[in-house]
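Work through the exercises below with the sequence and the 3D view side by side. Try each task before you read its solution.

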Amino acid sequence: MVYIHPTHERVDPVNNLKKRQLDLSRHLSVEAKARLPNPIKAIWKVAQVKPGTINMGNGDPHHTLYPVCEMNFIVPSVSESDPVQAWRAGTGDQQIIASYKDEPCALSLRTALAYGAGAGLKHVRDALAELNDRIHAPPKHMVSLSLGNADALTKCYRLLGDPGDSFLCEEFTFSAMTNAALPLGIKWVPIRMDKDGLIPSDMEKILANWDETLQGKRPHVLYTIPCSQNPTGSTLSAERRRQIYDLAHEYDIIILEDDPYFFLQYDLDIQTTTIESYGYTRAMADVLPRSFLSMDYDGRVMRLDSFSKILAPGMRLGWVTCNDFFAEKLDMLTDSSSQHPHGLGQAFISELLGGEGWGVDGFMKWVSSLCREYQRRRDLFMDVFRREVESSGLASAETPKSGMFVWIKINVERHPRYRKSEKLDKPGAPVTNTADLMNELFRKLLDCGLVMMPASTFAIVDQTGRIPTDGHITDRVNFFRATFVGTDEVIEDGLKIFARGLEEFFCY
């Protein structure tokens, strides 16, 4: 674990006075409270304190028997003005960064390929702590490594959730992750959304009106994807984030800030003068959204970051930033389960962010260039969508500010077989056949050779017995999630198929 020393604060002066170490132990699950430190790992950590200590306790293969002594990574040079475009075109310079077992480098393979602690190797955590500090400037927080956000999130569920607990989330969300909580006995409470994301007033209404006699313990965890929310593509405004954090403070809520798309922001007003004077990291930090972590004076945010969207998803390497109490409990879980993240990925990140690689500022220059390329693809998608699809009046979509997804609304009420009942079978039940029609349309598009993700895949149905007063979620599943990160040809061809299939579907 690493303590992040903030170099500049973004917390309001009034809130700055509130900074303190809260007792957050009540949020731990029974499992987390009962877990003991891995005794072998505990001794291993002690052995790292004094350099030169002879370790005859661990069962580590000796580094002289590792069948590797060097790894070379060929990466694009960030000396180009637009490194992503130069890399795609094959016109830019390349850079070789290397990890060695017996030669000097940022992270020796002797260390990277040996057993380590669950939090990950200190050199990698230090580099990510520096990145966090320069982007978020969080109050006292620690960094631990993960095998990507899916690994981190499932561990957070185990850390915080007991059978029968209710967690809050957006009404449409990444179902692969919410499903992971179900075997733990965790129930989801969906919060209404609009085009700008989670609605704070609905979150407040749920918490204020919670009846523990009928619904069990009031929710104490919020799972949210604040930037390019998956699947809706919405990004929370700074004002909504502040309102949500204030509610979390008032009702003692832990925020799981799952933010893999944070760095993929578009239409940014990056100042060239800032780049010239202070570098890309400062210039990007000035225009990126303010995270929940950056305003976390209570220590109630567990932020999940990943390299999956900005380097490569198969790396399976990310990092969790949280208070030292949760970090210790998280590391204890990792030490007794998945163990530390893979050494090859840690070696690569160390060299990439190190002095012989891109460095943190070169990394942020790559991110800035990547944003421009994805923005170009987003703009192409929206241009083709308006030309081929929206002009028919059968569908519409908001232009996303970040991420990879467009949330396409199908005007299903225009379908000749659309039905809406005036008589409810029971309070809160569906009143339309929207779900059936959307299922038909999904199969129709599949027959045409196109896959888009239907909203029903991401819909969260309240399982706590709370009767919705604003309609059943299946009446609002008239959306598809589509991605714009493919090639220009995929975007053009895919949306033409979509337009044709949509028109054929509405004809009968």
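Buried means under 20% relative accessible area, exposed means over 50%, and partly exposed lies in between (1.4 Å probe, protein chains only). The model is predicted: local features need pLDDT of at least 70, side-chain atom pairs count only at pLDDT 80 or more, and totals for chains, interfaces and linings use all residues. Residues are numbered from 1 along each chain as its sequence is written, and side-chain values use heavy atoms, with hydrogens and water left out.

**Exercise 1. Backbone angles in loops**

Task: Find the loop that holds Gln-339, then classify Gln-339 as buried, partly exposed or exposed.

Solution. Helices (H or I, at least four residues) and strands (E, at least two) are DSSP runs, numbered from the N terminus. Step 2: Gln-339 sits in the loop between H14 and helix H15 (343-353). Step 3: its relative accessible area is 26%, so Gln-339 is partly exposed. Step 4: check the backbone. Phi of Gln-339 is near 65°, a positive value in a residue other than glycine.

Asp-252 lies in the loop between H11 and S9. Its phi is near 55°, again positive in a residue other than glycine. Asp-252 has 21% relative accessibility and therefore counts as partly exposed.

**Exercise 2. A cis peptide bond**

Task: Which two residues does a cis peptide bond join?

Solution. Step 1: the bond joins Asn-230 and Pro-231, with omega about 25°.

**Exercise 3. Strand S10 and its partners**

Task: Are the residues of strand S10 buried or exposed, and which strands pair with S10?

Step 1: look for partners. Two strands pair if DSSP finds at least two bridges between them. Strand S9 (residues 254-258) pairs with S10 in the parallel sense over 4 bridges. There, Leu-256 stands opposite Met-302. Strand S11 (residues 318-322) pairs with S10 in the antiparallel sense, over 4 bridges. Here Leu-304 has Val-320 as its bridge partner.

**Exercise 4. The search for disulfides**

Task: How many disulfides does a search of the whole structure find?

Solution. Step 1: recall the bond. A disulfide is a covalent bond between the sulfur atoms of two cysteines. Step 2: apply the cut-off, a pair of cysteine sulfur atoms within 2.5 Å. The search finds 0 disulfides. Step 3: the closest cysteine sulfur to that of Cys-69 is in Cys-105, 11 Å away, so the two are too far apart for a bond. Cys-448 is in no disulfide either; the nearest cysteine sulfur, in Cys-507, is 12 Å away. Step 4: check accessibility. Cys-69, at 47%, counts as partly exposed. Cys-448, at 22%, counts as partly exposed too.
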